[in-house]
Amino acid sequence: MTSDGYLRTNRTFFHGENLLSVAVSMDTKLDTECSTLQAGSFSIWLGRLRKALRTGTGMAVPCGTCTACCRSSYFIHIKPDEIETLKRIDRALLFPAPGRAKGTLLLGYDEKGCCPLLINGACSIYKYRPLTCRTYDCRIFSAAGIAAGGEDKQQITQQARRWRFSYPAKRDRYQHEAVRAAASFLQKAAESFPAGFVPGNAGELAVLAVKVFGVFIKYGYDADNLAYPSADHRIVKAVIAALEKFEKSKSAYYGPSGMRSR
Ligand code: SF4
Ligand code: SF4
């Protein structure tokens, strides 16, 4: 750390097609990375996120000046009914999303992992940003007790670690324990689920934990208990059923076509 409070470090980056390991002076203000952020009551946050996942409405995240998730090598999925968003994105930046519903497009990122719509440190289509961006909330990693991903998601992991939930009522704490237990169980017992059920992607895993956390209140699992019996098929079956129930409640809103019906 230098006397002005900045950290100088070495970074590896891509240049053209070559991976270069070059000493670069990175100015990283340490105080902003270390201070904590108030995430509010856990139960209120959880209820809002589950509603957002069901209805496709956004989450109001007090991001401040943070743009970490716009600079972390994410492919952004955009559904064909996001017409106002699609109107504002250069078609050359979009390409078909493999394995997704017909018409779903992907917005990529540049060689530094930045979304091409992040201009001068701000989203250039903020009001019309994709639904994926509007529902993104890095507090989910703090809730699930997991990192946001590998090296390219480090900035998000750092930001997520700053959030502090509050527990004004008993249920705030046991719901948080249940979300952590769900994320932990899904990882440790992944092989007991049908192939592909447990996502390899940290964000999708955390979302799955939020969708099925109720099972872990019922069975009283402890996130710090390392001895999960992978053969506990009661829990595996209950998790699969809980996800089906959640997705059904979502399709009631989206309709059979998968498009938002209101
Ligand atoms: S990483 Fe979190 S705080 Fe930062 S912009 Fe994304 S959602 Fe907001
Ligand atoms: S579209 Fe906007 S909000 Fe979404 S990743 Fe790009 S810059 Fe960030």
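Predicted model: local features only at pLDDT ≥ 70, side-chain atom pairs only at ≥ 80, totals over all residues.
**View 1. Strands S6, S8 and S7 form an open sheet.** Strand S7 and strand S8, the latter made of residues 105–107, pair over three bridges in the antiparallel sense. Across this pairing, Leu94 stands opposite Leu107 of S8. The order of the three strands is S6-S8-S7, and the pairing is antiparallel. From one strand to the next, the twist averages 35 degrees.

**View 2. Helix H7 packs against helix H8.** Helix H7 covers residues 170–188 and helix H8 covers residues 202–212. Their axes lie 8 Å apart and form an angle of about 125 degrees. This angle makes H7 oblique to H8. The crossing in which H7 passes H8 is right-handed. On the side of H7, the contact is made by Val179, Ala182, Ala183 and Leu186. On the side of H8, Leu205, Ala206, Leu208, Ala209, Val210 and Val212 take part. By class, the contact of H7 with H8 has 10 nonpolar residues, no polar residues and no charged residues.

**View 3. Helix H2 packs against helix H8.** Helix H2 is formed by residues 42–55. The angle between H2 and H8 is about 105 degrees, and their axes are 10 Å apart. H2 and H8 are therefore roughly perpendicular to each other. Leu46, Leu49, Arg50 and Leu53 of H2 make the contact with Val207, Val210 and Lys211 of H8. By class, this contact has five nonpolar, no polar and two charged residues.

**View 4. Helix H2 also packs against helix H7.** Here the axes of H2 and H7 are 8 Å apart, at an angle of about 55 degrees. The two helices, H2 and H7, are therefore oblique to each other. From H2, the residues Phe42, Ser43 and Leu46 meet Arg171, Asp172, Gln175 and His176 in H7. The contact of H2 with H7 has, by class, two nonpolar, three polar and two charged residues.

**View 5. A shell of residues lies around ligand 1.** Four cysteines, Cys63, Cys66, Cys69 and Cys138, are among the residues around ligand 1.

**View 6. A shell of residues lies around ligand 2.** The residues around ligand 2 include the cysteines Cys70, Cys115, Cys123 and Cys133. Ile76, Leu117, Leu118, Arg129 and Pro130 complete the list. Sorted by class, the residues of the shell around ligand 2 divide into eight nonpolar, no polar and one charged.

How values were computed
Residues numbered from 1 in each chain as written. Chains lettered and ligands numbered in written order. Near = placed C-beta within 6 Å. Nonpolar A, V, L, I, M, F, W, Y, C, P; charged D, E, K, R; others polar. Pairing = 2+ DSSP bridges. Helix = DSSP H or I, 4+ residues; strand = E, 2+ residues; numbered from the N terminus. Axes fitted to C-alpha atoms, helices over the stretch in contact; angles between N-to-C directions. Parallel < 35°, antiparallel > 145°, perpendicular 65-115°, else oblique. Left-handed = near helix turned anticlockwise from the far one by under 90°. Contact = placed C-beta atoms within 7 Å.
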